[in-house]
Amino acid sequence: MQSSDLPNQPKTALIIEGGGMRGVFAAGVLDAFIDKRHKPFSGYYGVSAGALNLISFLSGQRGRNLDIYTGTCLEPNFISLARHIRGGNLFDLDWFFERISKQFTIDSRRFYQTLEGSPMTVVTTCTRTGYPVYHEIAPDTDKDDLFKILKASSALPMIYRSPIHIDERTLMDGSLSDPLPVIKAIEDGFNDLVIIRTRESNYRKTISSGNRLLAWQFRKQPALSSLIRQQYAIYNETLDQLDDFREQGISITEICPETPLNSTRSTRNRNRLVADYHRGYAIGYNLSGQDNSLTE
């Protein structure tokens, strides 16, 4: 964790990045917050798996995320390399969202009640322009629309090939254009940011041959192709700006593992997932019991 001194009158936002199955770490942090009744936030920002984790937190459903990660996500229908090789989706998000909407229903009353004073923003990416799209989830947001936005925010082109259309725009995973919506939160008036990450604080992405190949595959969509090719730079630039924001008086607390997690984006090992959940829980429990002080 890294943090700076709190302003006199903090307006606190919680920001959660994605990371696929690594999101189980954030699930542990959030469950610890629920147990400690630690909820000093006036706004919420979620990207991809981070947005999914927020749903359970805002509805006060402790353990729901862990059940999804170690249950639904491990079913053979969800992740299939064989299906992907045949031209299908590596992650079947259609099946996934239908399954969790029936098996792990959210406490809608409590969820929307929380949103009355603390809005939630979900990030997606417009494939035509390459710009981030920020969806404010309000108390009057229809549940079907909510899950469609969540699906779009999770739809990385390398794992899900089907286009998702919302309001005449084709959308994909928000992490392509704004993996850590820090600037958006600051623009919205928040001066105290708590960021839950699934990578170590000093982690920086590097360009990969896989991204180059994927960018070439999407060459007929130049904005999307450019985002895929520059994803590492977009992510790193946001992290490099954090110290600048601190110098400007923005309080920033990073909650992240000190060493790499056992889980990867597509981990299917339950023991590794449970271990990373408990790592997140321990950090969240310690943090919620003290002000701006955190060790793993």
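**The active site and its surroundings**

Tutor: Leaving aside its neighbours within four places in sequence, T125 is in contact with G130, Y131, P132, T170, L171, M172, D173, G174, L176, S177 and L227. Please keep in mind throughout that the model is predicted. T125 belongs to strand β3, which covers residues 120-126. The relative accessible area of T125 is 0%, and T125 therefore counts as buried, the limit being under 20%.

Two polar contacts of T125 deserve attention. A polar atom of the T125 side chain lies 2.8 Å from the backbone oxygen of D173. The side chain of T125 is also joined to the side chain of S177 by a polar contact of 2.6 Å.

In an unreviewed entry, UniProt lists S48 and D173 under "active site". These residues are spread over 126 residues of sequence, yet they cluster in space, with a largest C-alpha distance of 6.2 Å. Both S48 and D173 take part in the lining of the largest cavity.

Let us consider D173 and S48 in turn. D173 is placed in strand β6, residues 169-173. With a relative accessible area of 1%, D173 is buried. Apart from neighbours within four places in sequence, D173 is in contact with V47, S48, T124, T125, A152, S153, S154, A155 and L156.

S48, by contrast, is found in the loop between β2 (43-47) and α2 (49-58). S48 counts as buried because its relative accessibility is 7%, and the limit is under 20%. When residues up to four places away in sequence are not counted, S48 touches G18, S153, S154 and D173.

S153 occurs in the contact list of D173 and in that of S48. This residue is part of helix α7 (residues 143-153), in which L146, F147, I149, L150, K151, A152 and S153 are buried. At the N-terminal end, α7 is capped by D142, which has a side-chain oxygen 2.9 Å from the backbone nitrogen of D144.

We may now turn to the empty space. Rolling a probe the size of a water molecule over the atoms shows where such space is left. The volume of the largest cavity is about 280 Å³. It is lined by 24 residues, and A49, L52, F78, F96 and S154 are the closest to its centre. At least two lining residues come from each of α2, α3 (64-70), α5 (93-103) and α7. By class, this lining consists of 16 nonpolar, five polar and three charged residues.

The second largest cavity holds about 130 Å³ of space. Among its 15 lining residues, E17, G18, G19, K205 and R265 are the closest to its centre; G18 is also one of the residues that S48 touches. The lining of this second cavity divides into four nonpolar, five polar and six charged residues.

R265 also lies, with M158, S208, G210 and N211, nearest the centre of the largest pocket, which is lined by 30 residues. That pocket contains about 690 Å³ of space. Helix α9 (209-217) contributes five residues, the largest share of the pocket lining.

Note on methods: Residues numbered from 1 in each chain as written. Predicted model: local features only at pLDDT ≥ 70, side-chain atom pairs only at ≥ 80, totals over all residues. Heavy atoms only, no water. UniProt positions renumbered as here; feature names shortened; annotations may be inferred. 1 Å grid on protein atoms, 1.4 Å probe; cavity = no way out; pocket = protein on both sides within 12 Å on 5 of 7 lines; lining within 4 Å. Helix = DSSP H or I, 4+ residues; strand = E, 2+ residues; numbered from the N terminus. Buried < 20%, exposed > 50% of the residue type's maximum accessible area, 1.4 Å probe, protein only. Contact = heavy atoms within 4.5 Å. Points joined across faces, edges and corners; volume = space filled by probe spheres on them. Polar contact = N/O pair within 3.5 Å; in protein donor to acceptor, adjacent residues only side chain to side chain. Nonpolar A, V, L, I, M, F, W, Y, C, P; charged D, E, K, R; others polar.
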